[in-house]
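Subject: Structure for you to look at

Hello,

Here is the structure I said I would pass on. Please open it first, then read the notes below beside it.

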Amino acid sequence: MNPIQVSNLTVAYDRKPVLQEVTFQMPEGKLIGVVGPNGAGKSTLIKAILGLVPKASGSVEIYGKSYRTQRKLVGYVPQRGSVDWDFPTNALDVVLMGRYGHVGWFRRPGKKDTAIAMQALDKVGMKEYADRQISQLSGGQQQRVFLARALAQDATVYFMDEPFVGVDAATEKAIISLLNELKAQGKTVLVVHHDLQTVKEYFDWTLLLNKQKIALGPTEEVFTVENLQKTYGGRLAFLDSQVSPSYVVQP
Amino acid sequence: MFNDLILTLQDANTQWVLFGTILLGVASGVLGSFALLRKQSLIGDAMAHAALPGICLAFLLYGTKSIGWFLVGAALSGLLATYFIQVIINHSRIKEDTAIGLVLSVFFGFGIVLLTKIAQSENGNQSGLDDFIFGQAASLVGNDVRVISGVAVVLLIVTWLLFKELKLFTFDRQFAQGIGLPTGLLNGLLMALIVSAVVIGLQAVGVILMAAMLITPAISARYWTDRLDRMVIVAGTIGALSGMLGTLLSSMANRLPTGPVIVLSATVIFLISLIFAPNRGLVSKGLKLYRIRKIVARETVLQTMYDLSEEASITNKKLLFSKEELLTRRKMAVRKLDSNLKRLEKEGYVQRKEDLWYLTESGGYEAHEIVLNNRLFEIYTMYEMKFASLQFATNDVWDYKHIGSSTLHELEQLMAVHERTPKLEPKYFGEGETLRKKKSSQRAEKRKKEVKSL
Amino acid sequence: MSYGTWIMLTGSLVGVSCGIIGCFLILRKMAMLADAISHTVLLGIVLAYLVSHSLEGIYMLVGAGIIGLLTAFLVQVLHSSGVQSDAAIGVVFTSLFAFGVILLSAFAGKVHLDVNHALMGEITFIPWNTLTIGGMDLGPSAVWMLGTVLIINLILIFLFYKEIKISSFDPAMATAIGIPVMFIHYLLMSMVSITTVASFDSVGAILVVAMLIVPGATAYLLTDKLLAMLIISAVIGVISAIGGYYAALVWNISISGSMASIAGLIFAATFILSPRYGLLSKLLARKSLITE
Ligand SMILES: Nc1ncnc2c1ncn2[C@@H]1O[C@H](COP(=O)(O)OP(=O)(O)OP(=O)(O)O)[C@@H](O)[C@H]1O
Ligand SMILES: [Mg+2]
């Protein structure tokens with residue numbers, strides 16, 4: 001069964017649709033990059049899948065069932081800056097929040113949950129910062145904490161909105177190897193990504209998105225000049241010149 | 001009732017009070033508009049509460065009730081409170097709403113402390129300071145009204161003189177700074193103006209409800225216009241109306257306190273604006289939504305028929321579809337689909353063969369138009385930046401016929417790149433060239449009218 | 001117990017109840033909504049009296065609870081129909097409060113409620129208004145009412161602690177993992193309403209706001225842990241109450257007013273002197289950097 005099945009999804013904040021009749025299905029156990037220009041609706045796609053914005057029409061299924069019944073299977077890393085960094089809480093506490101969905105009503109996260117959270121922090125290399133108030137972390141460190149929180153959710157399908165923003169190159173590589181590890185465990189990871197240079201290197205599959213699905217498939221098949229042109233319109237400088245860059249798949 | 005009104009109006013004291021509350025309403029409506037647009041409505045609330053200790057201190061220092069000193073004391077402590085709020089926000093992690101609530105409640109608490117102190121002193125009993133909490137317009141005497149009106153007139157004149165600068169500053173502080181306006185000074189001036197509007201209202205409306213005089217007329221005015229100059233005028237008028245209604249009602253029904261009645265009058269005007277204002281009011285919005293829904297539902301059915309026809313024609317199938325097929329292609333309430341199909345049948349755009357539906361010749365035209373229009377819109381949203389020159393506001397109705405031919409050509413080319421060009425030419429659904437042209441232009445006219453009527 | 005002890009106990013219960021809830025209000029940026037609710041409960045109390053013809057605590061709690069939720073609901077409705085949130089709060093609370101005052105004066109003969117009393121409270125009378133069951137004097141009824149409300153609040157916070165925490169910190173995440181964020185919002189608003197009404201008799205509606213906001217804001221400058229913030233805030237509430245009582249005794253002034261003023265002084269001191277987020281420590285840190 002497909003981990004993610006989106007059918008005819010249309011989302012509109014006001015009258016203008018942000019996503020238009022998007023239909024696709026993701027294969028299991030793949031690392032999938034979502035690429036598209038600013039405002040293409042990448043974040044909106046993830047939010048609509050997670051039920052954070054209302055759908056105008058269409059449906060979303062996680063492993064064949066509606067998201068509501070499959071919540072525990074899903075982990076989410078939001079685009080940065082959506083929380084109050086002055087909130088009185090430390091890094092470990094934030095990661096522990098990833099366990100709340102599993103703990104259920106009226107109960108506290110226990111020792112096991114704390115252990116899982118510590119392990120997640122360790123994986124992103126932030127163990128020493130467990131006690132740090134979150135506003136005293138750098139942007140990249142904050143990003144890693146949120147990644148750790150998603151890891152602690154122990155999900156089967158992950159949605160990450162630009163996890164590489166504000167992290168240095170070494171961290172980016174570390175995160176990617178972490179994501180590959182998840183993939184090796186049979187998990188499906190969908191990552192919104194901005195850097196076209198690294199798409200071919202990082203992702204097995206690519207979803208090109210601009211209000212509608214432009215293309216979806218194995219990266220070597222869909223990451224072509226033609227598709228990029230369709231996605232980005234006239235906005236990529238190199239597309240105007242005749243030379244196609246090396247990082248795009250050649251026909 | 002009417003006689004009561006005449007009687008009330010003949011009373012000299014009521015005339016004074018009426019004059020005062022009307023001017024007060026104008027001033028607070030005008031300055032409230034600026035506070036509202038700067039998202040600082042609740043600072044007015046803090047200023048009003050914070051005025052209490054200032055008034056008490058003025059009384060303690062001066063010894064008797066004096067409107068002039070009260071206003072000075074109230075204004076100074078109101079400004080001090082505003083300053084504290086800014087300091088707390090700028091120099092700590094505390095956010096604006098907490099800072100406002102904190103300063104407001106502490107100042108008010110301190111004011112209460114001073115009030116009890118005054119009540120114990122010899123001349124405390126006739127001080128009438130309690131009036132400031134709920135306001136007691138009836139207690140206004142001629143001298144009070146003269147001072148209040150004087151201040152109100154000065155406020156209005158200053159606002160009128162500096163309208164352009166204040167407007168720019170309110171709208172875009174950075175830009176105002178950029179073109180060399182003294183924004184620090186303007187900020188201080190605006191705060192001083194707002195504080196003055198607040199303090200002259202305290203005696204009539206009271207500390208607790210004064211915020212309403214700033215907020216309610218301004219937010220009501222927002223419903224009637226989009227332009228600041230008009231908004232200021234409308235807000236001033238609403239303020240005056242509330243002041244007048246409140247004063248008359250409360251002096252006719254003897255026991256009712258003036259302040260709350262003025263505030264409720266303003267609230268009623270707000271509710272009327274919220275519900276009935278053209279364009280922004282709930283009724284008008286609801287009607288618009290209803291009409292749009294109706295058009296969209298009809299277009300959706302036609303578009304779905306067209307999409308299915310397009311697919312079927314590729315595989316050379318018949319262009320006949322069941323309701324189930326339509327519903328799987330685009331989700332829709334069954335009842336809605338039924339009613340729209342019935343309507344389209346009456347219009348002669350679709351017909352049925354037993355349980356299957358198909359587009360008629362004229363339906364083919366109509367559907368083609370709609371699909372073309374929608375797909376061009378899709379392409380436009382994808383390449384929004386490129387076509388920024390179209391200046392297409394979010395709530396306008398998209399109609400490709402209004403687009404210049406070169407832009408349209410570009411859009412059509414992109415549509416072809418994305419393989420979104422409607423492939424099923426209208427002629428596919430029937431024949432008769434000349435007739436068709438005429439018909440289609442008639443239809444275009446009709447559609448234009450529909451769109452216009454929105 | 002002596003007269004003074006009862007008053008201090010009453011004040012401290014207000015301080016603890018408000019201090020704890022206030023922290024969440026501050027973190028959720030809803031301080032002004034709480035301010036609004038503390039005004040509008042007046043309407044709830046008047047309506048409850050007009051319906052039930054009794055000043056029993058339970059009717060007041062229900063009336064205030066309903067109006068408190070109505071306030072939060074109306075603000076939400078206005079906001080979602082396009083009114084900016086500060087203006088929505090302003091319009092709603094002034095309207096409901098004005099309505100309450102008008103009702104109060106229209107039925108002035110029938111309602112034994114004094115508006116000034118409602119605003120400023122009358123903690124001095126608290127010890128005389130006692131609860132007697134079966135002829136036994138159980139102490140001031142205000143203490144019982146405040147105690148009950150405090151326990152209800154503590155139980156609710158204990159039960160929903162992690163839900164309140166995550167929906168305050170990251171509402172999107174909370175929604176995504178299936179926490180009913182709106183339910184939590186209205187739960188908190190109900191707690192604000194019943195706390196306000198229970199504190200109403202003693203410190204008065206307006207000064208509840210001081211107890212709701214000031215101790216929490218002070219604690220916010222002192223710690224980075226939520227639990228610690230709750231405790232510190234409660235403690236500051238108690239200190240303000242007791243300090244306020246003694247100050248009022250010495251200078252012979254309004255007890256509730258002086259409690260708010262003491263809370264304000266504690267905040268001012270913390271704002272300047274807090275070891276972590278204080279003005280002075282920031283200044284010193286900057287100086288030491290320059291001289292290094
Ligand atoms: N809450 C909102 N209300 C109204 N419009 C919105 C809202 N959120 C997003 N939009 C609009 O929806 C469109 C898609 O936004 P979205 O955040 O999904 O883009 P994105 O692909 O994630 O862009 P980016 O690369 O900048 O993150 C944009 O045009 C944006 O202006
Ligand atoms: Mg995004």
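Predicted model: local features only at pLDDT ≥ 70, side-chain atom pairs only at ≥ 80, totals over all residues.

Chain B and chain C

On the side of chain B that touches chain C, the elements giving two or more residues are helix 3 (41–62), helix 4 (67–91), helix 5 (96–120), helix 6 (131–134), helix 11 (210–222), helix 13 (258–276) and helix 14 (282–314) of chain B. Helix 5 of chain B provides the largest share of that side, 16 residues. Sorted by class, that side of chain B has 31 nonpolar, 13 polar and nine charged residues.

How big is the contact as a whole? The size of an interface is often given as the accessible area lost when the parts come together. For chain B and chain C, the buried area is about 4500 Å², and 73% of it is on carbon and sulfur atoms. In residues, 53 from chain B and 56 from chain C take part in the contact.

Chain C and chain A

Chain C also meets chain A: 28 residues of chain C are in contact with 32 residues of chain A. Together these two chains bury about 2700 Å², with 65% of that on carbon and sulfur atoms. Three residues, Lys162(C), Phe169(C) and Met173(C), supply 29% of the area that chain C buries against chain A, which is more than any other three residues.

How many salt bridges are there between chain C and chain A? The count is three. One of them pairs Arg149(A) with Asp170(C), where the closest N and O atoms are 2.9 Å apart. The interface of chain C and chain A also has eleven residue pairs in polar contact, again with both at pLDDT 80 or more. On the side of chain C that touches chain A, two or more residues each come from helix 6 (141–169), helix 7 (171–176) and helix 10 (226–251) of chain C. Helix 6 of chain C gives the largest share, ten residues. The residues on that side of chain C divide into 16 nonpolar, four polar and eight charged.

Ligand 1

Which residues come nearest to ligand 1? Of the 13 residues around the ligand, they are Gly39(A), Gly41(A), Lys42(A), Ser43(A) and Thr44(A). Helix 1 (residues 42–49) of chain A gives the most to this shell, with three residues. By class the shell has four nonpolar, seven polar and two charged residues.

Some side chains have a polar atom close to an oxygen atom of ligand 1. For Ser43(A) the distance is 2.6 Å, for Asn38(A) it is 3.0 Å, and for Glu162(A) it is 3.5 Å. On its own, ligand 1 has 630 Å² of accessible area, and the protein covers 60% of this.

A salt bridge within chain A

Over all chains, a search of the whole structure finds 21 salt bridges. One of these is within chain A, where the side chains of Lys183(A) and Asp204(A) meet at 3.2 Å, N to O. Lys183(A) lies in helix 6 (residues 169–184) of chain A, and Asp204(A) lies in the loop between helix 7 (199–202) and strand 8 (205–210) of chain A, so the pair ties together parts that are 21 residues apart in sequence.

Two backbone angles in chain B

Most residues other than glycine have a negative phi. Lys39(B) has a positive phi, near 55 degrees, and is not a glycine. Lys39(B) sits in the loop between helix 2 (12–37) and helix 3 of chain B. Asn279(B) is not a glycine either, and its phi is positive at about 70 degrees. The place of Asn279(B) is the loop between helix 13 and helix 14 of chain B.

Regards

Note on methods. Residues numbered from 1 in each chain as written. Chains lettered and ligands numbered in written order. Heavy atoms only, no water. Contact = heavy atoms within 4.5 Å. Buried area = accessible area lost by both parts, 1.4 Å probe. Helix = DSSP H or I, 4+ residues; strand = E, 2+ residues; numbered from the N terminus. Nonpolar A, V, L, I, M, F, W, Y, C, P; charged D, E, K, R; others polar. Salt bridge = Lys/Arg side-chain N within 4 Å of Asp/Glu carboxyl O. Polar contact = N/O pair within 3.5 Å; in protein donor to acceptor, adjacent residues only side chain to side chain. Near = heavy atom within 4 Å. Areas by Shrake-Rupley, 256 points an atom, 1.4 Å probe, with all protein chains shown as cover.
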